[in-house]
Amino acid sequence: QLQFVESGGGLVQPGGSLTLSCTPSGATLDNNSIGWFRQAPGKEREVVACISHSIDSYVNSVKGRFTISRDDAKNTVFLQMSNLKPEDTAVYYCAVVRKSDLLVYARCVLDDEFKSWGQGTQVAVSS
């Protein structure tokens with residue numbers, strides 16, 4: 001099972017932009033569908049976006065502001081975030097998502113076998 005290393009977080013003002021990256025540790029992305037998740041203080045972890053080789057999907061709160069992409073040659077999944085809001089403040093993680101849910105329903109669902117969360121990368125949006 002893949003475990004990811006996330007990077008690119010930081011402190012940014014509202015309306016600013018950041019690009020996050022994640023890469024699997026000691027493995028390749030291969031045919032896996034990958035999702036970005038986030039966990040804000042005192043809240044449960046939630047999905048943000050996910051991507052396969054043919055489709056991507058976003059939660060409503062980030063549509064039009066975030067873009068997920070993957071570069072298999074670089075073995076990396078990216079999350080470009082723009083027009084950031086204070087409510088985007090969270091630790092961001094990558095994980096494997098169910099390919100069938102994404103391809104059939106355009107839905108990001110954590111893979112049942114994924115249990116190895118990485119350290120995540122902190123995003124703080126504040127003036």
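A: The disulfide of Cys 50 and Cys 108 is left-handed, because the torsion about its S-S bond is about -85°. Cys 50 lies in strand E5 (residues 46-51) and Cys 108 in the loop between helix H1 (99-105) and strand E10 (121-125), so the bond ties together parts that are 58 residues apart in sequence. The model is predicted, so local features need pLDDT of at least 70 and side-chain atom pairs count only at pLDDT 80 or more, while totals for chains, interfaces and linings use all residues. Residues are numbered from 1 along each chain as its sequence is written, and side-chain values use heavy atoms, with hydrogens and water left out.

Q: By what rule is a disulfide assigned, and how many disulfides does the count come to?

A: A disulfide is a pair of cysteine sulfur atoms within 2.5 Å. By this rule there are two disulfides. One joins Cys 50 to Cys 108, with an S to S distance of 2.0 Å; another joins Cys 22 to Cys 94, also with S to S 2.0 Å. When the bonded cysteines of the chain are numbered in sequence order, the pairing reads 1-3, 2-4.

Q: Which elements hold Cys 22 and Cys 94?

A: Helices (H or I, at least four residues) and strands (E, at least two) are DSSP runs, numbered from the N terminus. The disulfide of Cys 22 and Cys 94 is left-handed, because its S-S torsion is about -90°. Cys 22 is in strand E3 (residues 18-24) and Cys 94 in strand E9 (residues 90-97), 72 residues apart, and the pair thus links distant parts of the chain.

Q: Are Cys 22 and Cys 94 buried or exposed?

A: Buried means under 20% relative accessible area, exposed over 50%, and partly exposed in between (1.4 Å probe, protein chains only). Cys 22 is buried, because its relative accessible area is 0%. Cys 94 is likewise buried, at 0% relative accessibility. Cys 50 and Cys 108 are buried as well.

Q: Which strands pair with E4, and in what sense?

A: Two strands pair if DSSP finds at least two bridges between them. E4 pairs with E9 in the antiparallel sense over seven bridges, and five bridges join E4 to E5, again antiparallel. Trp 36 has Cys 94 as its bridge partner in E9 and stands opposite Ala 49 in E5. Strand E4 (residues 33-39) is mostly covered, with six of its seven residues buried.

Q: Where do positive phi values occur?

A: In the hairpin of E4 and E5, which has six residues between the strands, Gly 42 takes a positive phi near 75°. Asp 30, a residue other than glycine, has a positive phi near 50°. Asp 30 is in the loop between E3 and E4 and counts as exposed because its relative accessibility is 54%. Ala 106, also not a glycine, has a positive phi near 55°. Ala 106 lies in the loop between H1 and E10 and is partly exposed, at 37% relative accessibility.
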